[in-house]
Structure formats: C-alpha cells, structure tokens
Amino acid sequence: MNSDLRILIALQDLDQKIATFHKQIVEIPNRVQALQSELEGLHQHHQDRIARSQELAKRRRASEGEVELMRSKLSRLKDQLMAVKTNKEYTVMLHEIQTGEDQIRAEEDKILDVMEQGEILDQEIKLSDKEVATRSKELEQTIRELETSVPRMELKVAEFQAERALIEDRVRSELLERYRRIAAARKGIALAEASGELCSACHVRIRPQVYAELRRSETIFHCDSCDRILFLRDV
Ligand SMILES: [Zn+2]
C-alpha cells in the first residue's frame with residue numbers, strides 16, 4: 001500500500017475518534033438535563049401524593065368536627081323535645097332532629113370515603129417511598145458519571161489532536177489538502193475501503209481496471225461516484 005495512504009488511514013481513524021468524542025461531549029448537557037427533569041418529576045409526583053394525603057386527613061378531621069357539632073346540637077334538640085308544649089312544635093322539632101340525623105349519616109359516609117381514599121394513597125406512598133429513593137440514587141449516579149466523563153473525554157480529544165498533528169506533518173501537503181476537502185464535503189469521511197469491488201462508503205461498483213490497479217500500483221485512486229480516496233486493506 002502507498003505509504004501516504006497508510007498515514008491517511010491513521011489520520012481518518014483519529015478524526016473519527018475525535019468526532020465521536022465531540023458528539024458525546026456536545027450531547028451530555030442535554031442528557032443531564034433530561035435526567036434532572038426526570039428526577040424533579042419523580043420528587044414532585046411523590047410530594048403531590050403526600051400533599052394529597054395530608055389534604056384528605058384534613059378533610060376527615062373537618063368532617064369529624066362537623067359530626068361532633070351536629071351531635072351536640074341533636075342532643076340539645078332531644079332535651080328540648082321533652083319540654084315542648086304543642087303538637088305543632090313537637091312535629092317541627094322532630095323534623096329538625098330527623099334532618100340532623102340524616103346530615104350526620106351523610107357526613108359519616110363522607111368520612112368513610114375519605115378514609116378509604118387515604119388508606120389507598122398511604123399504601124401507595126409507602127410502596128413508592130423505596131422506589132423513589134432507588135430511582136433517585138440511580139439518576140443522581142448517572143448524572144455524576146456523565147458530568148465527570150466530560151473532562152476525561154476532553155483530555156482524550158487533546159491527546160488525539162496532538163497525535164493527529166504529528167501525523168499530518170508526515171503527509172504531502174497536496175494530499176492533505178485533498179483529504180481535508182473530501183472530508184469536509186463527505187461528512188468527515190475522506191477515505192473508503194474498496195471491498196468486493198465496491199466502494200464501501202457509497203456502495204457504487206469500482207471499475208475493474210481501477211480495482212486491479214489498486215491491488216498493483218502505488219497510485220491513489222478516487223471513487224468515481226463519491227470521490228473518496230480508495231484503499232484496499234492489507235490481507
Ligand atoms: Zn464511493
């Protein structure tokens with residue numbers, strides 16, 4: 001293989017590694033933000049449930065207070081019933097007692113309903129307590145890992161770039177220019193392996209004559225279709 005080509009392959013290899021790290025580094029803030037949103041959502045949902053449970057307990061206490069009041073009112077009415085003089089008064093008061101008892105029953109039904117809801121909710125909170133804690137820990141851990149991976153990757157990129165500079169110095173400037181031009185036009189990939197008589201990048205057939213020349217000569221050939229520099233892997 002042409003020795004320039006060998007160097008270009010090493011250069012492309014480094015360029016790809018650098019590009020991969022760059023892509024990861026750029027994506028990290030978004031990934032961290034998504035994880036943080038999930039974490040906040042998790043806590044918010046948990047807090048909302050706790051608040052709802054407290055609200056139910058408050059409603060229950062209020063209803064119980066209400067029942068208490070109505071009971072003492074009823075007991076007063078029942079005492080007064082004994083002292084009533086006329087039939088009409090008696091009927092009115094009896095009706096009032098009846099209404100009061102109905103109200104108490106309705107309020108007690110409400111209390112039962114609220115108690116039932118509260119019990120279900122408290123059970124859910126108890127179960128999700130552990131889940132929330134575990135998931136939070138996982139999320140926090142992943143966030144920390146992602147954040148600490150950035151400086152590590154940046155260091156790696158710097159190393160690759162230093163290595164790359166050394167390699168570039170060994171390539172003829174005309175060829176390096178060609179490499180850069182094609183890489184810029186072809187999503188960073190300037191070289192393509194010729195494999196099974198096809199360009200492995202664009203999958204267009206390579207002319208048999210070119211393919212034969214690739215095996216024999218030191219000349220540098222380009223793919224007729226995508227213009228990338230072709231190379232054959234040593235076997
Ligand atoms: Zn091609």
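Predicted model: local features only at pLDDT ≥ 70, side-chain atom pairs only at ≥ 80, totals over all residues.
Residues are numbered from 1 along each chain as its sequence is written.

I then checked who touches whom, counting a contact when C-beta atoms, placed from the backbone, lie within 7 Å. Domain 1 puts in four residues and domain 2 puts in five residues. On the domain 1 side, helix α1 (residues 3-83) gives the most, with three residues. Helices here are DSSP runs of H or I with at least four residues, strands are E runs of at least two, and both are numbered from the N terminus. By class, I found one nonpolar, one polar and two charged residues on that domain 1 side. For the classes, Ala, Val, Leu, Ile, Met, Phe, Trp, Tyr, Cys and Pro are nonpolar, Asp, Glu, Lys and Arg are charged, and the others, Gly among them, are polar.

Then I went to the strands, which pair if DSSP finds at least two bridges between them. Strand β1 (residues 191-195) runs parallel to strand β3 (residues 229-231) over three bridges, and I see Glu 193 opposite Phe 231 in β3. With strand β2 (residues 198-199), β1 pairs antiparallel through two bridges; Ser 195 has Leu 198 in β2 as its bridge partner. I logged β1 and β2 as a hairpin with two residues between them. Gly 196 in the turn has a positive phi of about 55 degrees.

Terms used: Contact = placed C-beta atoms within 7 Å.
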